[in-house]
Each structure stands twice: as C-alpha cells, then as structure tokens.
Amino acid sequence: RTAREMLPSNVEIQVPPNLFLHGARGDEIASGAGWEVLLDCLQAGAGDLGGISPRDEVNPDFQFPLIPVLARALAKEGYSLEPRLPVYPRHFSWLSERVQQALQRRLALKQPDDDPLGYFASASQQQPRPVAAGA
C-alpha cells in the first residue's frame with residue numbers, strides 16, 4: 001500500500017509470485033500466508049506479476065508456479081492473468097528504431113494464428129492488472 005501511495009499512478013508495481021509462494025507450483029499455491037500476501041499486494045494496487053518463465057534467473061531457488069494453476073487461482077479471486085510484452089508500450093520510444101519497428105509489427109498482428117500465445121494483440125490495450133511477461 002505504501003508503494004502505491006508514494007509512487008505516481010503510471011508506475012507499475014511488480015510482485016513476482018514465485019517469491020511470495022516460495023517455489024510452490026501446483027494447486028497448493030492458493031493457500032497459506034504467501035498467497036494472502038500476494039493477494040494483499042494486488043488489492044493494494046500492484047498490477048504486474050513480472051516475467052513468468054521456466055527459470056527465474058535472478059532467484060533460481062524459487063520456481064514460478066505453473067501458469068494454468070496460477071491463472072485459475074487468480075480467476076477465483078477476480079483477477080485475470082494476461083500476457084504483456086517485456087516493455088510497456090509507453091516506453092517504446094526508449095528503444096532503438098529497429099526494436100520499435102519489430103514491436104509495432106507484432107502489435108499489428110490480429111489473427112490468432114499469427115500470434116498463438118496472444119502476447120501482442122492485447123498489449124496495445126494494456127491496463128494495470130496481474131499480467132505475465134513473455135519469456
């Protein structure tokens with residue numbers, strides 16, 4: 001809560017679930033103190049779950065929960081787990097022209113067959129909410 005009160009509203013607050021859930025991966029993630037703290041953070045305004053990948057390179061001792069399990073557990077609490085790009089669209093101007101063009105091409109994809117994971121089609125309408133970054 002303090003971070004959300006102190007930071008400008010356009011600053012995303014990231015709460016990596018693997019650190020709260022201590023490496024739990026299955027249905028047991030939705031029980032215990034770590035889950036309650038994660039929910040408290042989301043309710044207080046955190047809207048980014050970080051990059052969920054097979055291995056956390058920063059904290060390798062803490063595996064990420066399985067994405068379908070995390071998505072179901074969050075849905076029961078009224079949240080949706082949605083993909084995002086590794087950089088928010090409002091920061092594209094910080095990137096090289098070449099990278100900006102590649103991202104814009106990906107954002108222009110409209111057909112599910114072109115973007116089977118749905119990472120890019122929803123990114124242009126990104127709103128603060130629990131999301132996962134593409135690995």
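Which residue forms a salt bridge with Asp27? In this predicted model, the partner of Asp27 is Arg72, and the closest N and O atoms of the pair are 3.4 Å apart. A salt bridge is defined here as a side-chain nitrogen of Lys or Arg within 4 Å of a carboxyl oxygen of Asp or Glu. The model is a prediction in which local features need pLDDT of at least 70 and side-chain atom pairs count only at pLDDT 80 or more, whereas totals for chains, interfaces and linings use all residues. Residues are numbered from 1 along each chain as its sequence is written, and side-chain values use heavy atoms, with hydrogens and water left out.

**Confidence**

- The mean pLDDT of the protein is 77, and 80% of the residues score at least 70; pLDDT is the predictor's confidence in each residue, from 0 to 100.
- Helices (H or I, at least four residues) and strands (E, at least two) are DSSP runs, numbered from the N terminus.
- Over residues 114-135 pLDDT stays under 50, although the model has 59 contacts beyond four places in sequence for them. A contact means heavy atoms within 4.5 Å.
- Where pLDDT is low, the predicted coordinates should not be read in detail.

**The salt bridge**

- A search of the whole structure finds one salt bridge. Asp27 lies in the loop between H2 and H3 and Arg72 in helix H4, so the pair ties together parts that are 45 residues apart in sequence.
- Asp27 is exposed, with a relative accessible area of 60%, whereas Arg72 is partly exposed at 44%. The classes are buried (under 20% relative accessible area), exposed (over 50%) and partly exposed (in between), computed with a 1.4 Å probe on protein chains only.

**Helix H4 (67-76)**

- The buried residues in H4 are Val69, Leu70, Ala73 and Leu74. Seen down the axis of H4, they fall within an arc of 125°, so they line one face of the helix; the arc is that of the directions from the helix axis to the C-beta atoms.
- Exposed residues Pro68 and Lys76 are carried on the face of H4 turned away from its buried side.
- The cover over the buried residues of H4 includes helix H2 (17-20) and H3.
- Gly78, with a positive phi near 90°, follows H4.

**Asp56 in the loop between H3 and H4**

- Asp56 is found in the loop between H3 and helix H4, and its relative accessibility of 11% counts as buried.
- The side chains of Asp56 and Asn18 are joined by a polar contact of 2.8 Å. A polar contact is a pair of N or O atoms within 3.5 Å; within protein, one must be able to donate a hydrogen and the other to accept it, and residues adjacent in sequence count only if both atoms are side-chain atoms.
- The Asp56 side chain also reaches the backbone nitrogen of Asn59 at 3.0 Å.
- Not counting residues up to four places away in sequence, Asp56 touches Asn18, Phe62 and Phe64.

**Helix H5 (97-107)**

- Gln100, Leu103 and Leu107 are the buried residues of H5. They cover an arc of only 65° around the axis, which puts them on the same side of H5.
- The face turned away from the buried side of H5 carries the exposed residues Arg98 and Arg105.
- The side chain of Gln100 reaches the backbone oxygen of Phe92 at 3.2 Å.
- Leaving aside neighbours within four places in sequence, Gln100 is in contact with Phe92, Ser93 and Leu95.
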